[in-house]
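Please look over the sequence and the 3D structure shown here before reading on.

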Amino acid sequence: MSSEAEGRHWEGMWSRGLKPGDAFDASKSSPSLIDVLSSWKETAKTRKCRMLVPGCGRGYDVVAAAKVNFDALGLDIAPTAVKAAEEYRDAQGALSGKAEFSTTDFFKLPESGAFDLVFDYTFLCAIDPSTRDAWAKNMKRLIKPGGELVTLIFPIRPPDSNGPPYAMSTALVKGLLEPQGFVCEYMEPVPEAKSHKDRVGKEVLARWRAPPS
C-alpha cells in the first residue's frame, strides 16, 4: 500500500466518525506506557525531555507524557485524527509539558537526534511491510544517542497475509532493531490486567536502548 493509499485508508476511518473505543481506538493510554513514564518521572522533572509517538491517533499517549512534563509530539497521517487529538488534549486542562500534533510523515520528520523517548504501539503494525527497514533506520536517526525506544509489540500472531494491522512477533522486531545497534533491556508479555480489551495475550512490551552514537 502506497503512502497516499495509506493516508486515504486511515483518514476514511476517522472521517466516518471514529469514536473513543471504536475499532483500534482504545479510549485511554496503555497502562504499560504509564509504567514506562513513571520510570522517567524524576528525569523529566530535572530536565526537559522530548517524546515522539508516531501513529498517535486520538493522542492519549501524547497527553499522558505531557502530564509528567514531557514535551511530546504525536504524528498521524489522518488530519481528522490530529483534530481529534487536539480536541482531546484541550479537554484535559493544564499540562506540565507540551502535547503537540502533526500530520508530518514519520519518515520525513527533520528532527534528527531530537527525542529522548519514542513510543511505538500500533504504528509498526500499521505501515506497509516494505517500509519496516526504513522504520528501524529512522528510529535510530530520530532518537538521541543512548535514548529509549519503547515498542509495545501488537498484534502477536503467526505470520499471515492479513493487515493492517499486520502480524507482529518479537523475532521480527529484534531483526529490525538489533542491526541498527539497539539493545533490548526488557521484553515481556503484557499481563492481562494491563492489556486493553481484546488484546490480552497479543502484546509484548520491549524497551530498547538506542546506540550511543
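## Basis of the report

This is a predicted model, in which local features need pLDDT of at least 70 and side-chain atom pairs count only at pLDDT 80 or more, while totals for chains, interfaces and linings use all residues. Residues are numbered from 1 along each chain as its sequence is written, and side-chain values use heavy atoms, with hydrogens and water left out.

Helices (H or I, at least four residues) and strands (E, at least two) are DSSP runs, numbered from the N terminus. Buried stands for under 20% relative accessible area, exposed for over 50%, and partly exposed for what lies in between (1.4 Å probe, protein chains only).

Seven strands form an open sheet in the order 3-2-1-4-5-7-6, with mixed pairing, where two strands pair if DSSP finds at least two bridges between them. Strand 3 (99–102) and strand 6 (183–189) stand at the edges with a single partner strand each, so one side of each is left without a neighbour in the sheet. From one strand to the next, the twist averages 15 degrees; axes are lines fitted to C-alpha atoms, for helices over the stretch in contact, and angles run from 0 to 180 degrees between N-to-C directions.

Strand 4 (residues 115–120) runs parallel to strand 1 (residues 50–54), to which two bridges join it, and L52 stands opposite V118 in strand 4. Strand 4 also runs parallel to strand 5, joined by five bridges, and here L117 stands opposite E148 in strand 5. Because six of the six residues of strand 4 are buried, strand 4 is largely enclosed by the rest of the structure.

## Helices across the sheet

Helix 2 (residues 31–46) lies across strand 1, strand 4, strand 5 and strand 7, and runs at about 30 degrees to strand 7. Helix 5 lies across strand 1, strand 4 and strand 5, running at about 135 degrees to strand 5.

Which residues of helix 5 are buried? They are R132, W135, A136, N138, M139 and L142, and they cover an arc of only 165 degrees around the axis, which puts them on the same side of helix 5; the arc is that of the directions from the helix axis to the C-beta atoms. What covers these buried residues of helix 5 includes strand 1, strand 4, strand 5 and helix 6, whereas the face turned away from the buried side carries the exposed residues D133 and K137.

In helix 6 (residues 170–177) the buried residues are V173, L176 and L177. They cover an arc of only 85 degrees around the axis, which puts them on the same side of helix 6. Their cover includes helix 5 (132–142), strand 5 (143–153) and strand 7 (204–209). As a general point, an α-helix has 3.6 residues a turn, so residues three or four places apart point the same way.

Y60 belongs to helix 3 (residues 60–66) and is buried, with a relative accessible area of 9%. Leaving aside its neighbours within four places in sequence, Y60 is in contact (heavy atoms within 4.5 Å) with P20, D25, S27, K28, S29 and Y88. The C-alpha atoms of Y60 and L33 are separated by 10 Å, the two residues being 27 residues apart along the chain.

## Aromatic pairs

The structure holds eight aromatic pairs. Rings of Phe, Tyr and Trp (its six-membered ring) pair if their centres lie within 6.5 Å, and planes under 30 degrees apart count as stacked, over 60 as edge-to-face and the rest as tilted. F119 and Y121 form a tilted pair, with 6.1 Å centre to centre and 45 degrees between the planes, and both F119 and Y121 are buried. Elsewhere, ring pairs link W10, W14 and F24 into a cluster.

## Cysteines

How many disulfides does a search of the whole structure find? The search finds zero, a disulfide being a pair of cysteine sulfur atoms within 2.5 Å. For C56, the closest cysteine sulfur is that of C125, which at 14 Å is too far for a bond, and C56 counts as buried at 9% relative accessibility. For C184, the closest cysteine sulfur is again in C125, at 18 Å and too far for a bond, while C184 counts as partly exposed at 27% relative accessibility.
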